[in-house]
Amino acid sequence: MARNRSRQECWCTDASVTGSHVHRGGGQRLGTASPLRYHSERHSGSQSMSKTEGTSRREFLQWSAVAGASAGAAHHCHASGVSPSDGVRAYRRLGRTGMEISDISFGSSRLRDHQASVVRFALDQGINYFDTAESYTGGTSETVLGTVLKGKRDKIYLTTKKGTRPDTTADEMMGSLDGSLRRLQTDYVDVFMTHAVNEVERLKSDHWLSFVDQAKQQGKIRFAGMSGHAGRLAECLEYALDEDMVDVILVAFNFGEDPGFISKFTKGIDWIAKQPELPRLLAKAKAKDVGVTVMKTLRGARLNDMRPYEAPGGTFAQAAFRWVLSHKNVDAVVITMSSEDQIREFLGASGTEGVAANDIPLLRQYMALNDDKYCRPNCGACLSACDYGVPISDVLRMRMYAVDYGDLGVARKEYAGLSVNAQACLSCSATPCQSACVHGLAINELSVPAHRLLT
Ligand code: SF4
Ligand code: SF4
């Protein structure tokens, strides 16, 4: 399996395309190999960072000499210890799609009009997989991507998504897809996902199945998928995999979600397994050759909190990426990128196959600093506690967008879309939910200020 093609050479868009082809077959477009020709003028030699498919948990939790050497050898471009990027260093096969995508790929949930240069920079760094959704920044994300990626369509892979309901008709979905294609200035996307799935009924919908068939036949989508970070993710994922209805998934997954990490590194501390089902489901996806992309890898992304603890050449973000990329059932990370500096920092972890020496202490430190305010994606354990039906995990996720990600606009927009918000918390005794969080969050102390901030 061509899981990795790690290299030290960089990939540049000014190089010509080799081996790239897009053609129709049976109504589907068939893929390209990694489309950007690499060259080695800027970096001589190559470095093998091989990883076998059978790598064990023990092996990848061992601190990788390769990663450590890479981090240690890096020179600095920022006071924070962020390493300069050599661009994408590894492309990974995205399951049965056969697409070879950058191991750290472009998330665009906060992409704005003025950020075309960020997309161009990502492209120049060798990122070839761009993930968007019709809802991201009200369609602006797709529009900006479309503008920059126009003329480069055969060099990149595109995924977009739509939030569907069980009763959303196939025509409505097709209308949304057509809108996305217009904004993206293309006639097809590689993957189309039903977005933020939180109930199995959405997946059982005949409308969805019919839409996928039609869209594939018309050559508008190559593969179907689902994304999720809500409380019923495990149940939805199980169903989608059992029914073999997804080629790619995008799920919230990070170091704090894995019982193995918790038990191994938090002895004596009362942290419990967060998402015990997720590792099993990722293994199930892998066994079915479904492509696995992950998000929410930074567990709230409070990057600035961690600057004082970062060792030269190794940041918290890089540690978190190394951890998740070391997981044998993860193909690639999709991470929101907002600036060139951020891309340089993030790509500092590209191509690594194991955690570096300072990574685990950093990840532990992050949890110690933030876990009392971090509402876990995919959790939802408290949802039945509230008599008023407040969607606690959604409210706290939007709080995270505003407070941790610093994006009040997106947070307010999403909050305004909730059918029930946290208004009831303002006058509630909080008795029903005061001990409902299985991770010890004081829900009311977070939901009340969140409501005030978001309205
Ligand atoms: S404070 Fe009251 S209304 Fe708000 S989540 Fe808790 S129980 Fe529900
Ligand atoms: S508040 Fe606690 S129990 Fe509720 S979804 Fe968040 S982490 Fe889970």
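Q: Take a residue as buried if 20 or more other C-beta atoms, placed from the backbone, lie within 10 Å of its own, as exposed if 12 or fewer do, and as partly exposed in between. Does Gly354 then count as buried or exposed?

A: Gly354 counts as buried, because it has 22 C-beta neighbours inside 10 Å. This is a predicted model, in which local features need pLDDT of at least 70 and side-chain atom pairs count only at pLDDT 80 or more, while totals for chains, interfaces and linings use all residues. Residues are numbered from 1 along each chain as its sequence is written, and chains are lettered from A and ligands numbered from 1 in the order in which they are written.

Q: Where does Gly354 lie?

A: Gly354 is in the loop between helix 13 (340–347) and helix 14. Helices (H or I, at least four residues) and strands (E, at least two) are DSSP runs, numbered from the N terminus. The C-alpha atom of Gly354 is separated by 9.8 Å from that of Phe321, 33 residues apart along the chain.

Q: Which residues of helix 13 are buried, and what covers them?

A: The buried residues of helix 13 are Ile343, Glu345, Phe346 and Leu347. Their cover includes strand 7 (104–107), helix 3 (116–124), helix 12 and strand 14.

Q: Which residues have the most contacts inside the largest nonpolar core?

A: They are Ala122, Ile249, Ala320, Phe321, Val324, Val333 and Phe346, in a core of 92 residues. Helix 12 (residues 316–325) provides the largest share of this core, eight residues. A nonpolar core is a set of buried Ala, Val, Leu, Ile, Met, Phe, Trp, Tyr and Cys residues joined through C-beta atoms within 7 Å.

Q: With which residues is Ala122 in contact?

A: Leaving aside neighbours within four places in sequence, Ala122 is in contact (C-beta atoms, placed from the backbone, within 7 Å) with Phe106, Ile127, Met337 and Ile343.

Q: Changing topic: why is strand 13 largely enclosed?

A: Strand 13 (residues 291–295) is largely enclosed by the rest of the structure because five of its five residues are buried. Gly291, Thr293 and Met295 are on one side, with Val292 and Val294 on the other, and both faces are covered. In a regular strand the side chains alternate between the two faces of the sheet.

Q: How many bridges join strand 12 to strand 13?

A: Strand 12 (residues 248–252) runs parallel to strand 13 and is joined to it by five bridges; two strands pair if DSSP finds at least two bridges between them. Here Val248 stands opposite Gly291. Strand 13 also pairs in the parallel sense with strand 14 (residues 332–336), over two bridges, where Thr293 stands opposite Ala332.

Q: And which residues of strand 11 stand opposite Phe192 and Val248?

A: Ala224 faces Phe192, and Gly225 faces Val248 of strand 12. Strand 11 (residues 221–228) is mostly covered, with eight of its eight residues buried. It pairs in the parallel sense with strand 10 (residues 189–194) over five bridges, and four bridges join it to strand 12, also parallel.

Q: On to the ligands: which residues come nearest to ligand 1?

A: Of the 14 residues around ligand 1 (C-beta atom, placed from the backbone, within 6 Å), Cys386, Ala424, Cys425, Cys428 and Cys433 come nearest. Helix 17 (residues 443–454) gives the most to this shell, with three residues.

Q: Which residues come nearest to ligand 2?

A: Cys375, Cys379, Cys382, Ser393 and Cys437 come nearest, out of 14 around ligand 2. Helix 15 (residues 392–404) contributes the most to this shell, with three residues.

Q: How many nonpolar, polar and charged residues does the shell around ligand 2 have?

A: The shell around ligand 2 has 10 nonpolar, three polar and one charged residues, whereas that around ligand 1 has 12 nonpolar, two polar and no charged. Ala, Val, Leu, Ile, Met, Phe, Trp, Tyr, Cys and Pro count as nonpolar, Asp, Glu, Lys and Arg as charged, and the others, Gly among them, as polar.

Q: What is the mean pLDDT of the protein chain?

A: The mean pLDDT, the predictor's confidence in each residue from 0 to 100, is 78, and 76% of the residues reach 70 or more. Over residues 1–83 the pLDDT is below 50, although this stretch has 165 contacts in the model beyond near neighbours in sequence. The pLDDT is also below 50 over residues 265–273, with six such contacts.

How values were computed: Two residues are in contact if their C-beta atoms, placed from the backbone, lie within 7 Å.
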